[in-house]
Amino acid sequence: MKSLVCMKQVPDTETQIKVNSQGTGIVTEGIKYIINPYDEFSVEEALRLKEKFKQGEVVILTIGPDRCTESIRTALAMGADKGIHINDESLNSADPFVVAQALAAAASQVDYNVIFCGHRAIDDDFAEAGAMLAELLQIPQVTLVTKVEVSDDKTKAIVERDVEGGKETVEVSLPCVLTSQKGLNEPRYASLPGIMKAKKKPIDKKTAADLGITAEARLESREYSMPPERKAGKKLEGMEPPDAAKELVRLLRNEAKVI
Amino acid sequence: MSKVLIYGEIRAGKLKKTAFELASEARRLADGLGGDVAAVVLGPQAEQFAPDLARFGADTVYVVEGPQLDAYNTEYFAQALAQVIREKQPEIVLLSHTMQGKDLAPRTAAKLGIASIADCVSFEIDGGKLVGKRPMYAGKCSAEWVCKGSPQMASARPNVLEAVENPKAGKVEKIAFSPDTGRSTYTTRELSLDTSGKVDLTEAEIIVSGGRGMGGTDYSLLEEMASIFGANAAVGASRAAVDAGWRPHSDQVGQTGKTVCPNLYVACGISGSIQHLAGMGSSKVIVAINKDPEAPIFTKADYGVVGDLFKVVPEMNKELRALLAE
Ligand SMILES: Cc1cc2nc3c(=O)[nH]c(=O)nc-3n(C[C@H](O)[C@H](O)[C@H](O)COP(=O)(O)OP(=O)(O)OC[C@H]3O[C@@H](n4cnc5c(N)ncnc54)[C@H](O)[C@@H]3O)c2cc1C
Ligand SMILES: Nc1ncnc2c1ncn2[C@@H]1O[C@H](COP(=O)(O)O)[C@@H](O)[C@H]1O
């Protein structure tokens, strides 16, 4: 069972994001980076599939600057077999279409039964690259996946996905793109032997030219800004619960006018 | 020729409220640009919604039917939408960033060789071009985005844009769907909608959310409050509650859960971690009920009650029931 896992490195969720003084992006100094949490689910699921079939490969595919090597090593330490690191100035802050194009170009150079993406990267929050990648490769997509069962002959999968107000179970032929959602699994931690082994695992470095693509932006950002600061409002303290409840409901109706 | 095309999402036999939000916004944008608004609806019962779309500003309603469109399927819906866009050549295409929209918009965009400005909270026209403002890092900052390709495509966050009636003709035009059945897609085996007609968190107008302070799986106090508020209210949770197994993962609000923006967010027994605040910080009004007066959630809440939620919430429910029964 061969899985290709598209994995993005993103700022730690603890990060206090600040917009730079020109408003062209965020201040990156001092940011600690992590594997996009949804992509971590993907890595785990790919490892479980390989373990279940007792053979196969898990390949990590990342687009991003030098710092991404560290996340790739983390995934290799979890048990993935090798990494592909596309490191090209023209792609490092690309829009989802360009990202999908680069992922597709890299994917077409390797073998896979399934491609995993996260349903969303928690930095830019586009939630687009997975579906776009599937379309560019002309294979089906199943998004927001919480359970995956691959048939013994690896030609199809039964997949559970989140839909509004419930669940949908679908049958999909492989290869396909699955986008991971919370609930899929609990990702493992890298073990110490895993970390040692990861140091010797290969990471293939590539540029846009190696993939034969030129990045032609489809979207362009302007003007980053901070959200309006929320301030502490009225605090009802030291009141008996019935009085506090009465006052709160009154404020919501008469002052905030939301009920 | 239509300037702005919106996708009218139908769910469980009903046109979603987000379609009205989109139609109104499209109307505003098209009036600014000097042009028409068209809506596209897909599926067997779609034509019946034309008058509703007209009421909110659609000049034309394209109806596409076909056996492949009887139930939602990504590939065929994307094909149909892309076909309408190719034939009608709108300058701007708008969808809603709903669960279906997130699945459909990027697939459609990729078919057209473009990308979509996902999850916008406001739009404007600048020099004839669409500018979409969208939160990023789960709302820790936002940025304005423009499209470089054509058509310009964007999706709007549900429950943010205002739906305003503005009646237009809503002339129905049927479009014959020519699907490419050679493309592989999934087939639905089972669709289980567990919550009878309840809104998804991302579309709820009121959210009552519980965290570790709930102390266990019993969320009946919060369920009760949500049901007093009615069909547009939903129950959410913090990650602590989800990871403890008290609530399904789909209830998680926050940076690695759902980003929500209801009119009212009631946080019960939630401390207000940076990840949780990221997901609900753009709610219009935030209420916090927490027994710790120092809980960080109070620094962001419009209204806070310092107290035991198990004492305060039942009293609130009594008050709300009396008030809303009036
Ligand atoms: C990578 C990553 C991603 C994360 N993503 C998310 C996310 O998406 N969403 C999210 O929510 N968290 C997320 N977290 C977790 C986050 O850091 C916090 O741990 C979590 O939000 C805490 O949940 P809580 O507020 O329910 O619990 P706590 O922080 O334990 O707070 C419980 C609160 O309940 C109060 N309380 C207790 N009993 C009562 C009572 N009887 N009446 C009134 N008040 C009471 C306490 O005073 C306390 O303030 C993430 C963490 C990481 C590392
Ligand atoms: N730079 C990248 N490198 C590798 N995978 C990526 C990259 N950007 C996005 N992806 C994949 O696409 C998913 C969705 O990203 P996005 O559309 O940016 O929200 C992520 O969870 C990843 O699986």
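How many residues surround ligand 2, and which are the closest? In this predicted model, 19 residues surround the ligand, and the closest are Cys6(A), Asp39(A), Ala121(A), Ala127(A) and Glu128(A). Chain A also meets chain B, in a contact that takes 84 residues from chain A and 95 residues from chain B.

**Shell around ligand 2**

- By residue class, the shell around ligand 2 holds 11 nonpolar, three polar and five charged residues.
- Three elements of chain A each supply at least two residues of this shell: strand 4 (57–63), helix 3 (96–107) and strand 6 (114–118).
- Strand 4 of chain A gives the largest share, three residues.

**Polar contacts and cover of ligand 2**

- Asp39(A), one of the closest residues, has a side-chain N or O atom 2.6 Å from an oxygen atom of ligand 2.
- A polar backbone atom of Gly118(A) is 2.9 Å from an oxygen atom of the ligand.
- For Phe126(A), a polar backbone atom is 3.5 Å from an oxygen atom of ligand 2.
- On its own, ligand 2 has 480 Å² of accessible area, and the protein covers 98% of that.

**Interface between chains A and B**

- About 7800 Å² is buried between chain B and chain A, with 54% of this area given by carbon and sulfur atoms.
- Between the two chains there are 14 salt bridges, including one in which the side chains of Glu144(B) and Arg222(A) meet at 3.6 Å, N to O.
- Residue pairs in polar contact between chain B and chain A, both at pLDDT 80 or more, number 54.
- The side of chain B that touches chain A is made up of 39 nonpolar, 27 polar and 29 charged residues.

Note on methods. Residues numbered from 1 in each chain as written. Chains lettered and ligands numbered in written order. Predicted model: local features only at pLDDT ≥ 70, side-chain atom pairs only at ≥ 80, totals over all residues. Heavy atoms only, no water. Near = heavy atom within 4 Å. Polar contact = N/O pair within 3.5 Å; in protein donor to acceptor, adjacent residues only side chain to side chain. Areas by Shrake-Rupley, 256 points an atom, 1.4 Å probe, with all protein chains shown as cover. Helix = DSSP H or I, 4+ residues; strand = E, 2+ residues; numbered from the N terminus. Nonpolar A, V, L, I, M, F, W, Y, C, P; charged D, E, K, R; others polar. Contact = heavy atoms within 4.5 Å. Buried area = accessible area lost by both parts, 1.4 Å probe. Salt bridge = Lys/Arg side-chain N within 4 Å of Asp/Glu carboxyl O.
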